[in-house]
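Student: Could you show me how to read salt bridges and sheets in a protein model? I would like the general idea and then the case at hand.

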Amino acid sequence: MHALNIVFAGTPPFAAHHLEALLATDHNIIGVYTQPDRSAGRGKQLQPSAVKLVAQEHGLAIFQPASLKTIEEQAVLSALKPDLMVVVAYGLLLPQAVLDIPRYGCINVHGSLLPRWRGAAPIERALLAGDEETGVTIMQMDKGLDTGAMLYKVNVPITDKDDRQTLENRLAEAGKAGLIHCLADLDSIRTGATAQDDTHSTYAYKLEKSEALLDWAHSAELVNRTIRCGIGRTPAYSFINGERVRILKAEPATSSATAAPGTIIDADKHFLLVACGDTALNVSLLQLPGKNPVSVADILNS
């Protein structure tokens with residue numbers, strides 16, 4: 001397909017990887033939309049998004065409206081005369097007036113096999129649910145939330161070693177490949193778009209911080225999933241002697257629980273063995289308040 005004039009909209013690192021992939025093609029990135037800078041860190045200083053950093057590096061035009069619902073902001077987008085808008089984890093809802101501006105409309109790269117896990121946290125919810133497979137769906141956007149017709153899917157297996165970060169990395173690779181594939185023959189792929197079956201939809205609510213508090217009365221498998229899905233965004237935590245401690249890496253043990261859930265049954269040079277509702281969990285990586293992550297081995301040695 002001929003080179004397209006593309007407006008890109010995205011915010012976190014997952015989206016930035018897709019922008020970088022587009023920049024390696026012959027398509028023209030005529031504008032980049034990303035969320036306004038947010039305060040972060042102990043100093044609460046404004047920090048640019050990962051997408052903004054990539055856009056700045058390549059000298060691209062950057063737009064950071066708080067909303068795209070106003071006529072004024074829609075006029076700005078319309079003036080760019082985009083052929084297509086590519087949306088990846090942007091974080092703002094696009095009203096119908098925006099969807100109608102590009103010649104080919106807006107397409108979205110979503111980190112699940114739609115219609116499963118529509119919404120804000122598809123990666124975390126897939127891990128927490130114990131799904132054996134997820135993937136990326138490229139869809140033509142409509143006014144609903146992740147409800148548009150599906151253009152292309154890429155399946156990605158979930159291993160029992162995956163955490164949110166490793167799975168996100170693999171989904172980003174799949175998403176980049178899927179996106180480039182779609183843009184190579186967009187006319188034909190749009191013609192073959194498939195409607196989603198709403199009866200099979202599930203919603204991926206954003207993880208609340210309260211969900212990161214480990215309930216050791218759950219099975220060791222579920223506790224471990226909670227730990228894995230929190231990596232890099234909503235770290236799982238518990239309390240040791242009244243001190244809040246992040247639990248960053250663990251694996252189910254083969255031994256049965258011999259104490260009340262949450263009890264540290266044993267400590268060797270590699271693990272803390274913690275009782276769960278059924279068996280137990282070997283915890284190997286912790287983060288104490290105000291400290292860097294540290295292995296259990298290093299804690300015990302100190």
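This is a predicted model: local features need pLDDT of at least 70, side-chain atom pairs count only at pLDDT 80 or more; totals for chains, interfaces and linings use all residues.

Student: How many salt bridges does a search of the whole structure find?

Tutor: Side chains of opposite charge can pair when their charged atoms come close. We call it a salt bridge when a side-chain nitrogen of Lys or Arg lies within 4 Å of a carboxyl oxygen of Asp or Glu. Here the search finds 12. One of them joins Lys 52 and Asp 37, at 3.1 Å from N to O. That pair links distant parts of the chain, 15 residues apart: Lys 52 is in helix H2 (residues 50-57), and Asp 37 is in the loop between strand E2 (28-33) and strand E3 (38-40). Helices (H or I, at least four residues) and strands (E, at least two) are DSSP runs, numbered from the N terminus.

Student: Is Lys 52 buried or exposed?

Tutor: Buried means under 20% relative accessible area, exposed means over 50%, and partly exposed is in between (1.4 Å probe, protein chains only). Lys 52 has 11%, so Lys 52 is buried. Asp 37, with 24%, is partly exposed.

Student: Which residue does Glu 221 meet in a salt bridge?

Tutor: Its partner is Arg 225, at 3.3 Å from N to O. Both sit in helix H8 (residues 220-229), 4 residues apart, which means about one helical turn separates them. Glu 221 is partly exposed, at 35%. There is also a network of salt bridges linking Glu 124, Arg 164, Glu 168 and Arg 233.

Student: What is the order of the strands in the open sheet?

Tutor: Two strands pair if DSSP finds at least two bridges between them. The open sheet has 7 strands in the order E5-E2-E1-E6-E7-E9-E10, with mixed pairing. Strand E5 (62-63) and strand E10 (150-157) are the edge strands, each pairing on one side only. E2 and E5 run in the parallel sense over 2 bridges. For Val 32, the bridge partner in E5 is Ile 62.

Notes. Residues are numbered from 1 along each chain as its sequence is written. Side-chain values use heavy atoms; hydrogens and water are left out.
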